[in-house]
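Subject: Structure handover

Hello,

Here is the structure for your files. My notes on it follow below.

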Amino acid sequence: MNSEIIVKAVDVTKRFGDFLALDKVNFEVRRGEVGCIIGPSGSGKSTLLRCLNLLERMDGGGIWVNDELIGYRRDGDKLYEISDADVARQRRRIGMVFQRFNLFPHMTALENIIEGPVHVLGEPPEKARAEAKRLLERVGLSDKQDHYPSALSGGQQQRVAIARAMGMRPDMILFDEPTSALDPELVSEVLDVMRDLATSGMTMIVVTHEMGFARNVADTVTFMEAGKVVETGPAAEVLGAPKNARTAEFIKAVQ
Ligand code: ADP
Ligand code: MG
(Lines give C-alpha, C1' and ligand atoms only; values in the text may rest on other atoms or scores of the structure.)
(Ligands and ions follow the chains in the order given, each with its own letter.)
Protein backbone atom coordinates (compact mmCIF):
# COMPACT_ATOMS: atom_id res chain seq x y z
CA MET A 1 0.00 0.00 0.00
CA ASN A 2 1.24 3.43 -0.95
CA SER A 3 1.56 5.43 2.22
CA GLU A 4 1.94 8.96 0.90
CA ILE A 5 -0.43 11.37 2.63
CA ILE A 6 -2.29 13.41 0.03
CA VAL A 7 -4.70 15.30 2.31
CA LYS A 8 -3.87 16.42 5.78
CA ALA A 9 -6.23 18.59 7.81
CA VAL A 10 -4.81 19.86 11.09
CA ASP A 11 -6.97 21.43 13.80
CA VAL A 12 -9.44 22.76 11.24
CA THR A 13 -11.91 25.11 12.87
CA LYS A 14 -14.92 26.70 11.22
CA ARG A 15 -17.50 29.00 12.78
CA PHE A 16 -20.79 30.26 11.46
CA GLY A 17 -21.33 33.27 13.69
CA ASP A 18 -21.14 31.93 17.23
CA PHE A 19 -21.75 28.38 16.11
CA LEU A 20 -18.71 26.11 16.02
CA ALA A 21 -19.28 23.85 13.00
CA LEU A 22 -15.77 22.31 13.00
CA ASP A 23 -13.87 22.08 16.25
CA LYS A 24 -10.17 21.32 15.68
CA VAL A 25 -10.76 18.56 13.16
CA ASN A 26 -7.79 16.38 12.27
CA PHE A 27 -8.12 14.16 9.26
CA GLU A 28 -5.89 12.57 6.66
CA VAL A 29 -6.13 10.45 3.55
CA ARG A 30 -3.37 8.63 1.75
CA ARG A 31 -2.98 8.52 -1.99
CA GLY A 32 -5.18 5.89 -3.62
CA GLU A 33 -7.23 5.35 -0.51
CA VAL A 34 -10.93 5.79 0.15
CA GLY A 35 -11.76 7.65 3.34
CA CYS A 36 -15.39 7.49 4.41
CA ILE A 37 -16.80 10.10 6.75
CA ILE A 38 -19.87 9.13 8.71
CA GLY A 39 -21.89 10.85 11.39
CA PRO A 40 -25.27 12.32 12.22
CA SER A 41 -26.83 15.20 10.32
CA GLY A 42 -25.33 18.53 11.34
CA SER A 43 -22.05 17.04 12.56
CA GLY A 44 -19.96 19.07 10.10
CA LYS A 45 -19.28 16.50 7.37
CA SER A 46 -20.27 18.76 4.48
CA THR A 47 -18.50 21.71 6.05
CA LEU A 48 -15.29 19.69 6.24
CA LEU A 49 -15.56 18.72 2.55
CA ARG A 50 -16.31 22.34 1.67
CA CYS A 51 -13.19 23.46 3.55
CA LEU A 52 -11.11 20.80 1.73
CA ASN A 53 -12.41 22.15 -1.56
CA LEU A 54 -12.05 25.83 -0.60
CA LEU A 55 -15.76 26.39 -0.99
CA GLU A 56 -15.61 27.50 2.63
CA ARG A 57 -12.83 29.45 4.37
CA MET A 58 -11.73 27.94 7.64
CA ASP A 59 -11.20 30.11 10.73
CA GLY A 60 -8.28 28.14 12.13
CA GLY A 61 -5.98 25.24 11.42
CA GLY A 62 -4.62 24.24 8.05
CA ILE A 63 -5.22 21.85 5.20
CA TRP A 64 -2.40 20.49 3.06
CA VAL A 65 -3.07 18.82 -0.26
CA ASN A 66 0.00 17.22 -1.81
CA ASP A 67 2.09 19.08 0.76
CA GLU A 68 0.72 22.42 -0.41
CA LEU A 69 -1.09 24.54 2.17
CA ILE A 70 -4.41 25.39 0.57
CA GLY A 71 -6.18 28.73 0.80
CA TYR A 72 -3.10 30.45 2.20
CA ARG A 73 0.41 31.42 1.30
CA ARG A 74 3.13 31.31 3.90
CA ASP A 75 5.84 33.92 4.04
CA GLY A 76 8.17 33.25 6.93
CA ASP A 77 5.87 32.98 9.95
CA LYS A 78 3.06 34.93 8.35
CA LEU A 79 0.06 33.53 6.49
CA TYR A 80 -1.64 35.39 3.69
CA GLU A 81 -4.85 34.53 1.90
CA ILE A 82 -4.14 33.65 -1.69
CA SER A 83 -5.69 35.21 -4.78
CA ASP A 84 -8.89 33.97 -6.41
CA ALA A 85 -6.81 32.66 -9.30
CA ASP A 86 -4.70 30.58 -6.92
CA VAL A 87 -7.84 29.33 -5.15
CA ALA A 88 -9.21 28.26 -8.53
CA ARG A 89 -5.93 26.49 -9.37
CA GLN A 90 -5.96 24.58 -6.09
CA ARG A 91 -9.66 23.73 -6.32
CA ARG A 92 -9.25 22.41 -9.85
CA ARG A 93 -7.26 19.46 -8.54
CA ILE A 94 -10.12 18.34 -6.34
CA GLY A 95 -13.28 16.93 -7.91
CA MET A 96 -16.59 17.13 -6.12
CA VAL A 97 -19.80 15.17 -6.46
CA PHE A 98 -22.74 16.50 -4.50
CA GLN A 99 -25.90 14.98 -3.12
CA ARG A 100 -28.03 16.78 -5.68
CA PHE A 101 -26.91 16.07 -9.20
CA ASN A 102 -25.59 19.47 -10.12
CA LEU A 103 -25.25 19.00 -13.86
CA PHE A 104 -25.70 21.96 -16.18
CA PRO A 105 -29.35 21.51 -17.22
CA HIS A 106 -28.96 23.13 -20.65
CA MET A 107 -26.11 20.80 -21.68
CA THR A 108 -26.21 17.17 -22.79
CA ALA A 109 -24.39 14.50 -20.80
CA LEU A 110 -21.41 14.72 -23.16
CA GLU A 111 -21.35 18.54 -23.10
CA ASN A 112 -21.43 18.51 -19.30
CA ILE A 113 -18.24 16.45 -19.24
CA ILE A 114 -16.46 18.42 -21.97
CA GLU A 115 -17.15 21.87 -20.47
CA GLY A 116 -14.44 21.85 -17.80
CA PRO A 117 -11.62 20.23 -19.80
CA VAL A 118 -12.14 22.70 -22.69
CA HIS A 119 -12.90 25.91 -20.81
CA VAL A 120 -10.89 25.43 -17.65
CA LEU A 121 -8.02 23.13 -18.67
CA GLY A 122 -7.86 24.49 -22.23
CA GLU A 123 -7.94 21.09 -23.90
CA PRO A 124 -8.71 20.90 -27.63
CA PRO A 125 -12.45 20.15 -28.01
CA GLU A 126 -11.84 17.00 -30.05
CA LYS A 127 -9.54 15.53 -27.45
CA ALA A 128 -11.98 16.44 -24.66
CA ARG A 129 -14.81 14.89 -26.64
CA ALA A 130 -12.98 11.61 -27.14
CA GLU A 131 -12.09 11.48 -23.45
CA ALA A 132 -15.66 12.32 -22.42
CA LYS A 133 -16.96 9.45 -24.54
CA ARG A 134 -14.50 7.12 -22.89
CA LEU A 135 -15.67 8.29 -19.46
CA LEU A 136 -19.34 7.86 -20.35
CA GLU A 137 -18.56 4.34 -21.47
CA ARG A 138 -16.81 3.71 -18.19
CA VAL A 139 -19.88 4.75 -16.18
CA GLY A 140 -22.09 2.69 -18.49
CA LEU A 141 -23.84 5.57 -20.25
CA SER A 142 -22.51 5.56 -23.80
CA ASP A 143 -26.05 5.45 -25.15
CA LYS A 144 -27.02 8.58 -23.20
CA GLN A 145 -24.36 11.00 -24.42
CA ASP A 146 -26.84 13.30 -26.17
CA HIS A 147 -29.46 13.25 -23.42
CA TYR A 148 -30.13 16.32 -21.31
CA PRO A 149 -30.10 15.82 -17.53
CA SER A 150 -33.90 16.13 -17.38
CA ALA A 151 -34.13 13.00 -19.55
CA LEU A 152 -31.89 10.98 -17.22
CA SER A 153 -32.74 9.20 -13.98
CA GLY A 154 -31.16 10.42 -10.76
CA GLY A 155 -28.74 7.51 -10.82
CA GLN A 156 -27.74 8.26 -14.41
CA GLN A 157 -27.29 11.96 -13.61
CA GLN A 158 -25.06 11.08 -10.70
CA ARG A 159 -22.96 8.79 -12.92
CA VAL A 160 -22.57 11.66 -15.40
CA ALA A 161 -21.56 13.90 -12.47
CA ILE A 162 -18.87 11.37 -11.53
CA ALA A 163 -17.66 11.20 -15.15
CA ARG A 164 -17.58 14.98 -15.22
CA ALA A 165 -15.47 15.10 -12.07
CA MET A 166 -13.08 12.52 -13.56
CA GLY A 167 -12.83 14.53 -16.77
CA MET A 168 -10.93 17.21 -14.89
CA ARG A 169 -8.29 14.59 -14.01
CA PRO A 170 -8.34 15.54 -10.33
CA ASP A 171 -5.91 14.33 -7.67
CA MET A 172 -8.92 13.20 -5.67
CA ILE A 173 -12.70 13.31 -5.68
CA LEU A 174 -14.89 14.32 -2.76
CA PHE A 175 -18.39 12.84 -2.57
CA ASP A 176 -21.03 14.40 -0.34
CA GLU A 177 -23.78 11.85 0.25
CA PRO A 178 -23.84 10.98 -3.46
CA THR A 179 -26.66 8.45 -3.14
CA SER A 180 -28.87 9.91 -0.44
CA ALA A 181 -31.15 11.78 -2.83
CA LEU A 182 -31.67 8.71 -5.03
CA ASP A 183 -34.57 6.31 -5.16
CA PRO A 184 -33.41 3.12 -3.41
CA GLU A 185 -33.28 1.05 -6.60
CA LEU A 186 -30.81 3.51 -8.16
CA VAL A 187 -28.29 3.54 -5.32
CA SER A 188 -26.31 0.47 -6.32
CA GLU A 189 -25.55 1.64 -9.88
CA VAL A 190 -23.86 4.73 -8.44
CA LEU A 191 -22.04 2.81 -5.72
CA ASP A 192 -20.81 0.36 -8.38
CA VAL A 193 -19.27 3.22 -10.36
CA MET A 194 -17.66 4.55 -7.19
CA ARG A 195 -16.29 1.12 -6.35
CA ASP A 196 -14.81 0.86 -9.85
CA LEU A 197 -13.20 4.25 -9.39
CA ALA A 198 -11.76 3.20 -6.03
CA THR A 199 -10.37 0.01 -7.56
CA SER A 200 -8.66 2.06 -10.26
CA GLY A 201 -6.72 3.87 -7.53
CA MET A 202 -8.53 7.19 -7.33
CA THR A 203 -8.21 8.91 -3.97
CA MET A 204 -11.71 9.46 -2.64
CA ILE A 205 -13.28 11.08 0.39
CA VAL A 206 -16.85 9.92 0.72
CA VAL A 207 -19.47 11.22 3.12
CA THR A 208 -22.07 8.47 3.20
CA HIS A 209 -24.62 6.56 5.23
CA GLU A 210 -24.06 3.48 3.07
CA MET A 211 -22.39 1.23 5.61
CA GLY A 212 -22.05 -1.64 3.12
CA PHE A 213 -20.01 0.60 0.83
CA ALA A 214 -17.93 1.83 3.76
CA ARG A 215 -17.30 -1.73 4.91
CA ASN A 216 -16.42 -3.08 1.47
CA VAL A 217 -14.63 -0.17 -0.16
CA ALA A 218 -13.30 2.25 2.45
CA ASP A 219 -9.75 2.03 3.75
CA THR A 220 -10.49 4.38 6.63
CA VAL A 221 -13.64 5.51 8.39
CA THR A 222 -13.98 8.73 10.35
CA PHE A 223 -16.91 9.28 12.67
CA MET A 224 -17.85 12.90 13.31
CA GLU A 225 -20.26 14.34 15.82
CA ALA A 226 -20.99 17.95 16.79
CA GLY A 227 -18.10 19.32 14.74
CA LYS A 228 -15.53 16.94 16.16
CA VAL A 229 -13.80 13.82 14.95
CA VAL A 230 -14.84 11.26 17.54
CA GLU A 231 -13.03 8.29 16.04
CA THR A 232 -10.95 7.60 12.95
CA GLY A 233 -9.02 4.57 11.79
CA PRO A 234 -8.97 1.54 9.51
CA ALA A 235 -12.49 0.82 8.24
CA ALA A 236 -12.61 -2.70 9.63
CA GLU A 237 -11.67 -1.46 13.10
CA VAL A 238 -13.97 1.55 13.28
CA LEU A 239 -16.94 -0.32 11.83
CA GLY A 240 -16.23 -3.73 13.30
CA ALA A 241 -14.94 -2.86 16.74
CA PRO A 242 -15.49 0.83 17.45
CA LYS A 243 -13.63 2.11 20.48
CA ASN A 244 -16.05 4.91 21.21
CA ALA A 245 -19.55 4.22 22.51
CA ARG A 246 -21.08 6.99 20.37
CA THR A 247 -19.49 5.53 17.23
CA ALA A 248 -20.93 2.12 18.08
CA GLU A 249 -24.37 3.57 18.73
CA PHE A 250 -24.36 5.47 15.43
CA ILE A 251 -23.22 2.48 13.38
CA LYS A 252 -25.89 0.33 14.97
CA ALA A 253 -28.58 2.90 14.22
CA VAL A 254 -27.75 3.28 10.51
CA GLN A 255 -27.32 -0.42 9.67
P1 ADP B 1 -23.54 17.60 7.93
O2 ADP B 1 -23.06 17.65 6.53
O3 ADP B 1 -22.75 16.69 8.82
O4 ADP B 1 -25.01 17.29 8.03
P5 ADP B 1 -22.97 20.42 7.87
O6 ADP B 1 -21.52 20.48 7.68
O7 ADP B 1 -23.83 20.69 6.70
O8 ADP B 1 -23.37 19.04 8.57
O9 ADP B 1 -23.41 21.46 8.97
C10 ADP B 1 -22.82 21.47 10.27
C11 ADP B 1 -23.51 22.54 11.07
O12 ADP B 1 -23.15 23.83 10.55
C13 ADP B 1 -25.02 22.47 11.04
O14 ADP B 1 -25.53 22.77 12.32
C15 ADP B 1 -25.41 23.51 10.05
O16 ADP B 1 -26.68 24.05 10.34
C17 ADP B 1 -24.32 24.54 10.21
N18 ADP B 1 -24.06 25.27 8.96
C19 ADP B 1 -23.60 24.72 7.82
N20 ADP B 1 -23.45 25.66 6.86
C21 ADP B 1 -23.84 26.83 7.42
C22 ADP B 1 -23.93 28.18 6.96
N23 ADP B 1 -23.55 28.51 5.71
N24 ADP B 1 -24.38 29.11 7.83
C25 ADP B 1 -24.73 28.80 9.08
N26 ADP B 1 -24.68 27.55 9.59
C27 ADP B 1 -24.23 26.58 8.77
MG1 MG C 1 -24.03 17.25 4.76
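A crossing is called right-handed if the near helix is turned clockwise from the far one by less than a right angle, and left-handed if anticlockwise. That convention is needed for the helix pairs below. Please keep in mind that this is a predicted model.

Annotation

The UniProt record, an unreviewed entry, lists residues 7-251 as "domain: ABC transporter". Over that range the chain is 36% helix and 29% strand.

Ligand 1

Which residues surround ligand 1? The shell consists of Phe 16, Phe 19, Ala 21, Gly 39, Ser 41, Gly 42, Ser 43, Gly 44, Lys 45, Ser 46 and Thr 47. By class, three of these are nonpolar, seven are polar and one is charged. Two elements each supply at least two shell residues: strand S2 (19-30) and helix H1 (45-52). H1 gives the largest share, with three residues.

Helices H5 and H6

Helix H5 covers residues 154-167 and helix H6 covers residues 187-199. The two pack at an angle of about 20°, and their axes are 9 Å apart. Angles under 35 degrees count as roughly parallel, so H5 is roughly parallel to H6. Their crossing is right-handed. On the H5 side the contact is made by Gly 155, Gln 158, Arg 159 and Ile 162. On the H6 side, Glu 189, Val 190, Val 193 and Leu 197 take part. Sorted by class, the contact of H5 with H6 has four nonpolar, two polar and two charged residues.

Helices H3 and H5

H5 also packs with helix H3, residues 109-119. Here the angle is about 25° and the axes are 8 Å apart. H3 and H5 are therefore roughly parallel to each other. Right-handed or left-handed, how do H3 and H5 cross? The crossing of H3 and H5 is right-handed. H3 contributes Ala 109, Asn 112, Ile 113, Gly 116 and Pro 117 to the contact, and H5 contributes Val 160, Ala 163, Arg 164 and Gly 167. The classes in the contact of H3 with H5 are five nonpolar, three polar and one charged.

In short, H5 is roughly parallel to H6, and H3 and H5 are roughly parallel to each other. Lys 45, Ser 46 and Thr 47 are among the residues that surround ligand 1.

Regards

How values were computed
Residues numbered from 1 in each chain as written. Chains lettered and ligands numbered in written order. Predicted model: local features only at pLDDT ≥ 70, side-chain atom pairs only at ≥ 80, totals over all residues. UniProt positions renumbered as here; feature names shortened; annotations may be inferred. Helix = DSSP H or I, 4+ residues; strand = E, 2+ residues; numbered from the N terminus. Axes fitted to C-alpha atoms, helices over the stretch in contact; angles between N-to-C directions. Parallel < 35°, antiparallel > 145°, perpendicular 65-115°, else oblique. Contact = placed C-beta atoms within 7 Å. Nonpolar A, V, L, I, M, F, W, Y, C, P; charged D, E, K, R; others polar. Near = placed C-beta within 6 Å.
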